[in-house]
Amino acid sequence: MKKEPKILHIDMDAFFASVEQAYNPRLKGKPLIVGGRADKQRTVVCAASYEAKALGIDSGMSTQQALRICPDAEFVSADSAKYLYVSNQIAGMLKNYSPRIEQASVDEFYLDITGLDKMFGSYLDLGMRIKQEIVRRFSITGSVGISVNRLMSKIASKLKKPDGMMIMPREDITFVLKDLPIQKIPGIGGSLTAKLHDLSIFSFSDMRKFPADFYEQRFGKIGLWMYALAHPELIADDEKINWINQKPKDPKSISHSYTLVQNIYTRSEIEAWIQLLAEMVGFRLRGHNLQANTVHIYLRKPDMKFIAGEKNFKEYNNDSKQIFKRAIFLLDKLNTRNVEVRALGISVKNFMPATNNFLLADAQKRYQICNALDKINQRFGDWTVYPASICSII
Ligand SMILES: [Mg+2]
């Protein structure tokens with residue numbers, strides 16, 4: 001008999017805020033807001049510590065609103081290099097458990113752990129060991145879900161947030177999730193939720209009442225996806241899993257995206273996120289010693305539809321500030337008026353090796369500064385330098 005696949009999903013708890021608290025113990029135990037930009041009054045909450053979440057502050061909110069809720073909240077501006085550094089360290093650590101690893105975002109990973117229960121005693125023991133090693137090495141916590149595929153393991157880890165763990169074998173899924181509100185299922189956003197509510201579908205067990213045709217006629221491909229997710233008994237054991245990151249090689253594109261806890265609406269909120277993502281993309285591009293001339297941005301709406309733009313620019317670049325400017329140029333071409341944004345991302349592609357033949361002295365200076373800061377971060381990893389904020393004000 002074939003072994004049932006076991007996928008482990010781990011999601012760090014309030015990642016950006018937890019990393020800041022780990023780095024600066026003075027912030028531990030306090031409501032902390034990580035802002036998209038340095039301007040405390042005029043930016044967006046990128047992350048909130050659990051102490052801040054308990055007061056009702058969450059990412060996606062304007063910092064003005066957050067500071068009205070808690071005027072004494074601590075504030076730091078987001079430092080993408082710091083989070084990427086920790087993220088890379090965590091990825092390296094997880095590879096020691098299973099080489100079949102996929103990084104879903106800066107703080108989320110999937111591991112194929114099928115059959116590893118024998119090596120670690122049980123899947124529960126394996127999950128606990130991973131959780132404990134993350135606390136010991138990084139002073140942050142993560143939540144773990146173990147189930148038969150990516151989606152189910154992600155639902156399991158979300159149900160036990162923060163600092164929890166849940167093992168959900170296939171035969172338990174329909175019972176464990178029976179009362180789960182549909183909006184808690186990753187991928188079902190505000191607009192799909194409303195449409196399903198109109199059809200009197202409120203919970204996971206409601207989703208199971210209708211045949212595949214019912215969903216396909218009303219929702220097309222997404223409908224079939226919904227039908228499949230509601231019927232875990234139909235998941236094939238040999239479902240093809242295309243794991244990335246098995247062999248490190250030069251990437252074809254470098255991207256970063258973020259799914260928000262709350263939808264955002266305003267241009268300044270969208271810009272703050274784009275700035276953060278541009279910094280992350282630039283950091284990685286420089287790490288590969290590459291430059292790119294094609295920038296792509298996308299905004300995903302709550303109904304899973306995308307607005308996207310892409311352009312080949314004349315000059316190659318790996319400067320975060322330039323990537324940000326190009327992303328804003330693309331954003332200006334998109335119609336984002338009254339658009340609700342649930343997730344957004346930037347990617348760059350069409351690479352060539354980085355050079356440092358700058359005609360302009362200030363470009364040369366920026367290159368040297370960005371590079372030096374990246375190197376210090378990579379070598380010492382003590383997060384004492386802030387390329388993101390320094391680069392953006394030069
Ligand atoms: Mg997380």
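Strand pairing and a helix contact

A: In this predicted model, strand E2 (residues 32-35) pairs with strand E4 (residues 74-77) in the parallel sense over 4 bridges, where strands are DSSP runs of E with at least two residues, numbered from the N terminus, and pairing requires at least two DSSP bridges. Within this pairing, glycine 35 has serine 77 of E4 as its bridge partner. E2 also runs antiparallel to strand E3 (residues 45-48), to which 3 bridges join it, and here valine 34 stands opposite alanine 47. Residues are numbered from 1 along each chain as its sequence is written. Local features need pLDDT of at least 70, side-chain atom pairs count only at pLDDT 80 or more, and totals for chains, interfaces and linings use all residues.

In a regular strand, side chains alternate between the two faces of the sheet. Both faces of E2 are covered, with Leu32 and Val34 buried on one side and Ile33 and Gly35 buried on the other (buried: 20 or more other C-beta atoms within 10 Å of the residue's own).

Turning to the helices (DSSP runs of H or I, at least four residues), H4 (residues 80-95) and H13 (residues 267-287) pack at an angle of about 55°, with axes, fitted to C-alpha atoms over the stretch in contact, 9 Å apart. In their contact (C-beta atoms within 7 Å), Ser80, Ala81 and Leu84 of H4 meet Leu276, Glu279, Met280, Phe283 and Arg284 of H13. These residues divide into 5 nonpolar, 1 polar and 2 charged.

Note on methods. Axes fitted to C-alpha atoms, helices over the stretch in contact; angles between N-to-C directions. Contact = placed C-beta atoms within 7 Å. Nonpolar A, V, L, I, M, F, W, Y, C, P; charged D, E, K, R; others polar. Buried ≥ 20, exposed ≤ 12 C-beta atoms within 10 Å, placed from the backbone.
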